[in-house]
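Here are my notes on this model, written as numbered points that you can check against the coordinates. Please have a look at the fold before going into the side chains.

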Amino acid sequence: MKPTMTVNEVIRNWIRDSLNFHEEFTCSSVHIQSQVVSYGTNRNIYHTPDMYSREWRKIREDIRYEKDYGFTVQEFKKEGELIKWYRVTRS
């Protein structure tokens, strides 16, 4: 069965739903491979964690080149952590 939403759409919907509750939120690369996968699975959309990671990287690159998704993403470091963290803000 073909998914009803693309990987890109699942990520954008997850972000949109998260921004409905807050002006901004933080997430890590781990969240993308776990929470977004669960978000899609709960909607009967099945993609691999690697597909979400690749698409997340593409979305961030698109934003860097000024594509408007309705939100911005800023990478930042948390002291003592090796994984990447992101601040997602409504634009």
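1. Along the sequence, the protein chain runs in the order α-β-α-α-β-β, with three helices and three strands in total. Helices here are DSSP runs of H or I with at least four residues, strands are runs of E with at least two, and both are numbered from the N terminus. The model is a predicted one, where local features need pLDDT of at least 70 and side-chain atom pairs count only at pLDDT 80 or more, while totals for chains, interfaces and linings use all residues. Residue numbers start from 1 along each chain as its sequence is written, and side-chain values use heavy atoms, with hydrogens and water left out.

2. On overall dimensions, the C-alpha trace of the protein chain spans about 40 × 30 × 25 Å along its principal axes. As for the contacts (heavy atoms within 4.5 Å), take those between residues at least 6 apart in sequence: 57% of them join residues at least 24 apart.

3. The protein chain exposes about 6200 Å², of which carbon and sulfur atoms supply 49%; the areas come from the Shrake-Rupley method with a 1.4 Å probe, and for residues only the protein chains shown count as cover. Of the 91 residues, 40% count as buried. Buried means under 20% relative accessible area, exposed means over 50%, and partly exposed is in between (1.4 Å probe, protein chains only).

4. Helix α1 is worth a quick geometry check. It covers residues 7-19, and at 1.5 Å a residue its 13 residues should span 18 Å, which agrees with the 18 Å between its end C-alpha atoms. The expected span is 1.5 Å times one less than the number of residues. The buried residues in α1 are Val7, Asn8, Val10, Ile11, Asn13, Trp14, Ile15, Ser18 and Leu19. Their cover includes the helices α2 (29-41) and α3 (49-64), along with the strands β1 (24-28), β2 (71-76) and β3 (85-90).

5. Which residues touch the most other members of the largest nonpolar core? Out of its 23 residues, they are Ile15, Tyr52, Trp56, Phe71 and Val88. At least two residues of this core come from each of α1, β1, α2, α3, β2 and β3, and α1 gives the most, with six. A nonpolar core is a set of buried Ala, Val, Leu, Ile, Met, Phe, Trp, Tyr and Cys residues joined through side-chain atoms within 4.5 Å.

6. Next come the aromatic rings. The whole structure holds three aromatic pairs. In one of them, the ring centres of Trp14 and Phe25 are 5.5 Å apart and the planes meet at 85°, so this pair is edge-to-face. It links distant parts of the chain, with Trp14 in helix α1 and Phe25 in strand β1, eleven residues apart. Both Trp14 and Phe25 are buried. Rings of Phe, Tyr and Trp (its six-membered ring) pair if their centres lie within 6.5 Å; planes under 30 degrees apart count as stacked, over 60 as edge-to-face and the rest as tilted.

7. Trp56 and Tyr86 form another edge-to-face pair, at 5.4 Å centre to centre and 85° between the planes. Trp56 belongs to helix α3 and Tyr86 to strand β3, so the pair ties together parts that are 30 residues apart in sequence. Trp56 is buried, with a relative accessible area of 2%, and Tyr86 counts as buried at 2% as well.

8. Have a look at Arg60 too, which sits in helix α3. Arg60 is buried, at a relative accessible area of 12%. Not counting residues up to four places away in sequence, Arg60 touches Val73 and Tyr86.

9. Finally, two backbone angles to inspect. Asn44, in the loop between α2 and α3, has a positive phi of about 60° although it is not a glycine. Asn44 is exposed, with a relative accessible area of 56%. Glu66, in the loop between α3 and β2, also has a positive phi, near 70°, and is a residue other than glycine. Glu66 is exposed, at 71% relative accessible area.
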